[in-house]
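Have the model open as you read.

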Amino acid sequence: KIMHQYDLGLLVQAGHTDELVDALRTLIAAPKLRAHYHHQAQQAAQDLNWEEQENTLIDLYKNIPKKPS
């Protein structure tokens, strides 16, 4: 999900070495594509870190209904 949401790179099936070779060749031959993935990874790192997630988790916990006593 995160891979697609942030467009982080090329996916290859596990064990498919030909696909891996093709993906690596694509990245080697395409500096703009590498730069794009680099930028996307930086954006994902800014969004997906504990400091950013902390407020989301706090809000979630605040909205959990309290058990009646």
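**Notes on a helix and its surroundings**

1. Q40 counts as buried, because its relative accessibility is 16% (buried means under 20% relative accessible area, exposed over 50% and partly exposed in between, with a 1.4 Å probe and protein chains only). The model is predicted: local features need pLDDT of at least 70, side-chain atom pairs count only at pLDDT 80 or more, and totals for chains, interfaces and linings use all residues. Residues are numbered from 1 along each chain as its sequence is written, and side-chain values use heavy atoms, leaving out hydrogens and water.

2. Helix α3, residues 31-47, is where Q40 sits (helices are DSSP runs of H or I with at least four residues, numbered from the N terminus). Its 17 residues reach 24 Å from first C-alpha to last, close to the 24 Å expected at 1.5 Å a residue (the expected span is 1.5 Å times one less than the number of residues).

3. The buried residues Y37, Q40 and A44 belong to α3. They lie on the same side of α3, because they cover an arc of only 60° around the axis (taken from the directions from the helix axis to the C-beta atoms). K32 and Q46 are exposed on the other side.

4. What covers the buried residues of α3? The cover includes α1 and α2. Leaving aside neighbours within four places in sequence, Q40 is in contact with Y6, D7 and L8 (contact means heavy atoms within 4.5 Å).

5. Do look at D7, in the loop between α1 (2-6) and α2 (17-29). D7 counts as partly exposed, because its relative accessibility is 33%. Although not a glycine, D7 has a positive phi of about 50°. Most residues other than glycine have a negative phi.

Methods: Helix = DSSP H or I, 4+ residues; strand = E, 2+ residues; numbered from the N terminus.
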